[in-house]
Amino acid sequence: MCSISRVKPVHRALALSLRLRTNLDGSSSAAALSRRFSPGLSSSVQPLWVSSRFYCARMAMTDGLLFRQLFEEASWTYTYLLADTDTKEAVIIDPVLETIDRDLTLIKELGLNLKVAVNTHCHADHITSTGLMKKRLAGLKSAISKFSGASADIHLKEGDKITFGRHFLSVRETPGHTDGCTTLVTGDQSMAFTGDALLIRGCGRTDFQQGCAKKLYQSIHEKIFTLPDHCLVYPAHDYLGQTVSTVGEERKFNPRLTKSLEEFVEIMNNLNLPKPHKIDISVPANLVCGLHHV
C-alpha cells in the first residue's frame, strides 16, 4: 500500500477510433444486433453506426498516469491499461484471451512493467487472459474478488489498494451482477472501472451467477453514485459505441437506475434474456484464472 497526493481530475480525453467490421444491412439488422448485445434496452435505442464504422477506443491522461482503453470485438469487452509514467509500473483490467498478443505487444512497446492483471468479476462471456499472461510475464500477479470463487494470487476485498508506482486503484465491492463484482477507483477519484455492475445508460443483468437486482441497485447507489459527478465511468462492455460516461451523467440519465428500487427490481426480473452463449465455457475457465483447456 502507498499514499499519493491528490492530482487534478481529468479535464480532457483524447479520442482514438477503432474500426470494427460489420456486415449489417438496414435498420432491421441493426435493431437485431442491438437486441442481441444490449438486451433489455428500449427498441428505440439504436447503435451508433456511421458508415459501417464503430468508434469505441479511447485514450485519456491524468497527471503522471498513462491510460489506454482497448477493445475486444467478439465479446464487446473493454480492457484497460494503466501505468505510472515515471516508474513504468502498470496494471491491466479485464484482459481477454483473444487479444493477449495485442496487449503484450503494447506493454512491451511502452516499456511497461506489468505488476497486476485484475478482473472486475468472473466473466461469463469471454475467457480472461490473466493466467496465460502470467506464463509469459515473470512476476505478474492475478487479482479478483475473494467472493468470486475464482483462483488468483490476490483476493480483493473492500478498501484494498492495487498500487503501481505512485498511483493506486481502490477496491469497492459492488455485488449484484455477481457476488464477486468490484469497482476499481483511481486514487484521485477521477476514474472508476465499473465492470459489469454499471454500464453506460445500463447495468449488468442479474438473472444468473448469484445475481440479485436489489443488491446491484444498492451497490451502484452506495458505492458508485457516491463518487464525484466528474468521475469518469469506464465499464467492462458497451454495445452502442460509447466509450465513457460520468457518475453525474449516469445518476441523472441512466434509464434503469433513476427508477425506485422497486421499479428497478421489476425491470430486472422481467428482462427474459437468453443466457450468454459462452457461459458454459467461460465461467469454468475463469474460475481457474483462464487456464482451462489453454
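Start by selecting Thr120, which sits in the loop between β6 (113-118) and α3 (130-136); helices are DSSP runs of H or I with at least four residues, strands are E runs of at least two, and both are numbered from the N terminus. Residues count from 1 along each chain as its sequence is written. You are viewing a predicted model, where local features need pLDDT of at least 70, side-chain atom pairs count only at pLDDT 80 or more, and totals for chains, interfaces and linings use all residues.

Colour the chain by pLDDT, the predictor's confidence in each residue from 0 to 100. The chain mean is 83, and 78% of residues reach 70 or more. Over residues 1-60, however, pLDDT is below 50.

Now return to Thr120: is this residue buried or exposed? Thr120 is buried, with a relative accessible area of 1% (buried is under 20%, exposed over 50%, partly exposed in between, using a 1.4 Å probe and protein chains only). Show its contacts (heavy atoms within 4.5 Å): leaving out residues up to four places away in sequence, Thr120 touches Ile93, Asp94, Gly180, Cys181, Thr182, Leu184, Phe193 and Gly195.

Next, select helix α2 (residues 100-109), whose buried residues are Ile100, Asp103, Leu104, Leu106 and Ile107. Look down the axis: these buried residues fall within an arc of 160°, so they line one face of the helix. The arc is taken from the directions from the helix axis to the C-beta atoms. Their cover includes β3 (65-72), β4 (77-84), β5 (89-93), β6 and α3. On the face turned away from the buried side, find the exposed Lys108 and Glu109.

Finish just after α2 at Gly111, which takes a positive phi of about 70°.

Methods. Heavy atoms only, no water.
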